[in-house]
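Good morning, colleagues. Please look at the sequence and the structure first.

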Amino acid sequence: MIDRPNSGERAILVHLDLGGTAEPDEREEFALLARSAGAEIVGSLAGSRKVPDARLFVGSGKAQELKDLVAATGAELAVFNHPLSPAQERNLERLLECRVVDRTGLILDIFAQRARSFEGKLQVELAQLRHLSTRLVRGWTHLERQKGGIGLRGPGETQLETDRRLLAKRIAQLNQRLDQIQTQRAQGRRARDKAELPVISLVGYTNAGKSTLFNRLTEAGVYEADQLFATLDPTLRRLALPDGGRALLADTVGFVSALPHELVAAFRATLEETRNAALLLHVVDASAPHHARLIKDVETVLQEIGSLDLPRLEVWNKLDLLADEAPRLERDGDGKPVRVWVSARSGAGIDLLLAAVAELTGGARTLHHLHLGPADARLRAWVYAHANILTDEPDDQGGTRLAILIGPTDLQRLLAQEPGRQGPLGSDPSQAPAAGPEHHN
């Protein structure tokens, strides 16, 4: 068995073009993933094959070339930009005499470093254990040195089965805890449904600027950085829309090409916010050279989690990095908003984005007139929180007359709260009754 060092930062990157030529940005992203995991890149190896080699993935000749490169650079780690089978990893480690990590293991390692909340750590641990369970045999290959015979038979199989049982037990515990979290999220969604607050979910390729946009819209102050997978833990904040409507905005984990299935399964509770969203804001890095591939990769993940058919608005971000582009709102042939160009960093175009979101989620709003007396401060605060105030004019008795735009559900609540009516927020019945409601769709 190869003794695995604790450092493992000096790395060789291996990428094969399988059945075609890879885009240059795919290799750049691979290098960025490796650096995000803390690797010091000391060399790289590229090649092409029609199909992977069953034993070594890269073929015997390329594997020998890789072994010579590892020896020449003193690398402690070989990172493959492809998923490897457990047997391929094991065979490569024996040949190269260093650790071997595939793309899935690399992304899992980054997620393990980025997880901050209790839920995020549970999800990452579950994904890692599921990935490890298929590769458990690697940890006990030293027992293969023992020979058969009386007094020489080792406990390898028993130890391996014990470890598998321990893994299965821990995976079951994690699933149980995440099921509890999923139940809690479902309760929260039912409360939001009762309040008729639509959920707007930010989705997009990793490092597209989702968290920066989230902070710009909500002033939430969530962690943001120019790195892959800066955000793992979902965050929900209330969003005020320009038409007086309200919504909840959810910041979610970024997607990446070939996102490991273990992560999709482990983050099912987090991705529930995306599956149940009323609107998806697909954030696209407008400065990225290959938009089409990034958009396609995001749509692939959306299809995998069952969210591809949800209403979607593209938000082309990082406009500040483009000299010849201006903030704008694009519509389809029916006049429906489909794309907004913004800069989350500078704030350019955010007003256009909010207007488009309000248009897509607001629904029918009603014009309503009401009169509030001097003692109706609590109801006045409620109106300002739930409606769009068009006019607010004082009267001679110290009260105010308001013209507002309000949603149908909130209107029914308001009618039960207006002065002179029975309601939880109503004022003293001795106050002058409100002016008769005037409704205009």
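Which element gives the most to the lining of the second largest cavity? Strand 8 does, with four residues. Strands here are DSSP runs of E with at least two residues, helices are DSSP runs of H or I with at least four residues, and both are numbered from the N terminus.

Before I continue, a note on the source. This is a predicted model, in which local features need pLDDT of at least 70 and side-chain atom pairs count only at pLDDT 80 or more, whereas totals for chains, interfaces and linings use all residues. Residues are numbered from 1 along each chain as its sequence is written, and side-chain values use heavy atoms, with hydrogens and water left out.

To return to the cavities, the structure holds two of 30 Å³ or more. A cavity is a set of points, on a 1 Å grid over the protein atoms alone, where a 1.4 Å probe fits but cannot get out; lining residues have an atom within 4 Å of a point. Grid points are joined across faces, edges and corners, and the volume is the space filled by probe spheres set on the points. For the second largest cavity, that volume is about 30 Å³. Its lining consists of Y205, H282, V283, V284, D285, L294, I295 and V298. At least two of the lining residues come from strand 8 (279-285), and at least two from helix 10 (291-304). By class, six are nonpolar, one is polar and one is charged. In this scheme Ala, Val, Leu, Ile, Met, Phe, Trp, Tyr, Cys and Pro are nonpolar, Asp, Glu, Lys and Arg are charged, and the others, Gly among them, are polar.

I turn now to the salt bridges, of which the structure holds 15. The criterion is a side-chain nitrogen of Lys or Arg within 4 Å of a carboxyl oxygen of Asp or Glu. R328 pairs with E325, with the closest N and O atoms 2.7 Å apart, and also with E330, at 3.1 Å between the closest N and O atoms. E330 in turn meets R339 in a salt bridge of 2.6 Å, N to O. Shared partners join E314, E325, R328, E330 and R339 into one network. How accessible are these side chains' residues? E325 is partly exposed at 28% relative accessible area, R328 at 29%, E330 at 22% and R339 at 24%. Buried means under 20%, exposed over 50%, and partly exposed in between, with a 1.4 Å probe and protein chains only.

Finally, consider S307, in the loop between helix 10 and strand 9 (312-317). Is S307 buried or exposed? S307 is buried, with a relative accessible area of 0%. Leaving aside residues up to four places away in sequence, S307 touches T274, R275, L280 and L302, where contact means heavy atoms within 4.5 Å.

For the overall setting, the protein has 13 helices and 14 strands. Of its 441 residues, 49% count as buried.

Note on methods: On a 1 Å grid over the protein atoms alone, a cavity is a set of points where a 1.4 Å probe fits but cannot get out, and a pocket is an open set with protein on both sides within 12 Å along at least five of seven lines; lining residues have an atom within 4 Å of a point.
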